[in-house]
Amino acid sequence: MPVPELDAADVASWRAGKGELVELLARARERLGGVAGVRLGPRPTVLVTAPEAVRHVLALHPDRYVKRSHRARLLVGDGLLAATGEAWRRQRRLLQSQFTGTGMRRYEQRIAGAARTAAARWAGYARTGEVFDVGEEMRRFALDTIWRSLTGHALDPDTARELASVAAVVAALPTLPADAEQARDSVAGDLARIDAVAREAVAAARRGEPGPDGPGLLQVLVGAGEGRPGYSDALVRDELVTLLVAGHETTATTLTWLYLLLDRFPQARAEALAAGAQGSPERGEAVQALVGETLRLYPSAWILPRYTAEDDTVAGYAVEADSDVLVCPYLTHRDPELWPDPERFDPRRFTARGARPSVTGSYLPFGLGPRACLGTRFALRESTVLLEHLLPLHVPVFSSVPGGAVYGLTVRPDGPAPARLTPAGGRPV
């Protein structure tokens with residue numbers, strides 16, 4: 001049967017109101033279900049939110065639903081995030097071992113070092129009563145973590161200032177001109193600063209200069225160039241910037257949302273700390289649940305565009321070749337049939353038996369299938385380690401909070417989150 005399509009009047013009304021795309025997609029899902037048509041341009045567009053349809057598109061038939069040019073290409077070039085086809089498979093094979101099992105263990109001390117540095121800063125804010133932006137603090141921690149992992153060096157202030165351009169370009173992406181050359185010109189200064197940092201880091205790796213924490217992932221990339229002709233300096237730069245983007249922007253955004261949610265639902269923090277002693281598996285599981293529930297509400301990948309390479313049938317609906325398909329984890333995670341009372345922040349969904357849906361495709365904050373985020377374990381680990389350092393000691397008291405969200409490369413708060421710290425009992429719980 002054909003995919004049911006949202007009425008053209010609804011689309012016209014949305015265009016006239018200049019609303020967020022997610023608002024139109026939410027209307028389509030509510031009225032038409034988990035596979036719905038939304039005519040956004042000359043090609044058919046199919047919204048997919050039902051778990052079985054999500055699994056079909058992302059996990060079972062990735063050859064039929066392919067990734068095309070990524071909107072972040074002007075920043076990440078031919079890095080893994082934007083690569084396709086055989087180039088993507090080659091790059092994925094090289095990096096995959098770095099983020100599983102033994103590969104992950106080499107990052108433990110680097111993650112812990114970045115968390116200790118962040119905790120020391122927070123202790124200073126607590127002593128002085130200084131107001132700071134929680135979002136900027138989370139970005140600083142996440143950038144320090146990925147920089148240590150890439151280079152073996154802690155993030156120094158000069159490099160941090162230059163790499164602020166990464167966040168600036170990511171934030172600008174949704175509003176850049178459609179013309180590629182004009183878009184690049186709009187952020188040329190930021191791209192130049194990023195390229196300068198990348199060139200120096202790659203040069204240091206080529207000179208074999210390990211940092212205090214030993215060699216980093218960048219040396220793996222540089223070494224790949226010696227035996228793989230495709231790994232030019234340009235591609236090593238693109239992979240480095242891809243890892244900077246994917247390795248800090250999403251984690252920083254998740255942690256910022258988490259603290260904003262804990263401000264509204266303070267009992268969740270108390271329950272996590274009461275789950276077990278500091279360092280216990282019970283405490284760790286409860287802290288992971290805070291992260292998991294935050295990612296349910298604000299998934300790292302809120303929308304996953306695909307292109308249909310051939311005719312197919314999804315959940316009984318005929319999807320034509322040359323269609324755009326939008327898988328939307330943000331809406332799947334807010335489906336009340338899957339997640340009762342979906343707007344409520346309730347980490348117990350991830351600790352109580354049977355409290356979350358078990359069907360594949362109902363929870364996919366990092367995507368699903370072969371193109372799921374390679375750094376999922378890394379992101380979850382760094383988030384948990386930081387929270388285990390900060391949650392027992394400090395509670396941010398916000399002087400103002402963002403009023404909404406911006407739906408760009410990630411779903412991020414639409415403004416700063418200034419706060420002062422108050423002690424949480426004066427000593428670890």
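Predicted model: local features only at pLDDT ≥ 70, side-chain atom pairs only at ≥ 80, totals over all residues.

Student: Why is Thr-294 called buried?

Tutor: Its relative accessible area is 0%. Buried means under 20%. Therefore Thr-294 counts as buried.

Student: Which helix holds Thr-294?

Tutor: Helix α15, residues 281-297.

Student: Which residues is Thr-294 in contact with, leaving aside its neighbours within four places in sequence?

Tutor: Thr-254, Trp-257, Leu-258, Leu-261 and Phe-345. Contact here means heavy atoms within 4.5 Å.

Student: Why is Arg-199 called exposed?

Tutor: Arg-199 has a relative accessible area of 57%.

Student: How far apart are Arg-199 and Asp-233, in sequence and in space?

Tutor: They are 34 residues apart in sequence. C-alpha to C-alpha, they are 8.7 Å apart in space.

Student: Why is Ala-315 called partly exposed?

Tutor: Its relative accessible area is 43%. Buried needs under 20% and exposed needs over 50%. The value for Ala-315 lies in between, so it is partly exposed.

Student: And what makes Asp-322 partly exposed?

Tutor: Asp-322 has a relative accessible area of 35%.

Student: What is phi in Ala-315 and in Asp-322?

Tutor: Ala-315 has a positive phi of about 50°, although it is not a glycine. Phi of Asp-322 is near 70°, again positive in a residue other than glycine.

Student: Where are Ala-315 and Asp-322 found?

Tutor: Ala-315 is in the loop between β6 (312-314) and β7 (317-319). Asp-322 is in the loop between β7 and β8.

Student: Now the sheet. In what order do its five strands run?

Tutor: The order is β1-β2-β8-β5-β3. The sheet is open, and its pairing is mixed.

Student: Why are β1 and β3 said to stand at the edges?

Tutor: Each has a single partner strand, so one side of each is left without a neighbour in the sheet. β1 covers 35-37 and β3 covers 65-66.

Student: How do you know that β5 and β8 pair?

Tutor: Pairing needs at least two bridges. β5 (residues 304-308) and β8 (residues 324-327) have four, in the antiparallel sense. Therefore they pair. In β8, Tyr-307 is bridged to Asp-324, and Arg-306 to Val-325.

Student: Which sense does the pairing of β2 and β8 take, parallel or antiparallel?

Tutor: Parallel, over four bridges, with β2 at residues 45-48. Thr-45 stands opposite Asp-324, and Val-46 has Val-325 as its bridge partner.

Student: What makes β1 and β2 a pair?

Tutor: Three bridges join them, and they run antiparallel. The requirement is at least two, so β1 and β2 pair. One of the bridges links Val-35 to Val-48 in β2.

Student: How do the side chains of β2 point?

Tutor: Thr-45 and Leu-47 point one way, Val-46 and Val-48 the other way. All are buried. In a regular strand the side chains alternate between the two faces of the sheet.

Student: Which residues of β9 form its covered face?

Tutor: His-394, Pro-396 and Phe-398. Val-395 and Val-397 form the uncovered one.

Student: How do you know that β9 and β12 pair?

Tutor: They share five bridges in the antiparallel sense. At least two are needed, so the strands pair. Phe-398 stands opposite Ala-419 in β12.

Student: How much space lies in the second largest pocket?

Tutor: About 400 Å³. Of the 24 lining residues, the closest to its centre are Leu-295, Phe-366, Thr-376, Arg-377 and Leu-380. The lining divides into 13 nonpolar, seven polar and four charged residues.

Conventions:
Residues numbered from 1 in each chain as written. Heavy atoms only, no water. Buried < 20%, exposed > 50% of the residue type's maximum accessible area, 1.4 Å probe, protein only. 1 Å grid on protein atoms, 1.4 Å probe; cavity = no way out; pocket = protein on both sides within 12 Å on 5 of 7 lines; lining within 4 Å. Points joined across faces, edges and corners; volume = space filled by probe spheres on them. Nonpolar A, V, L, I, M, F, W, Y, C, P; charged D, E, K, R; others polar.
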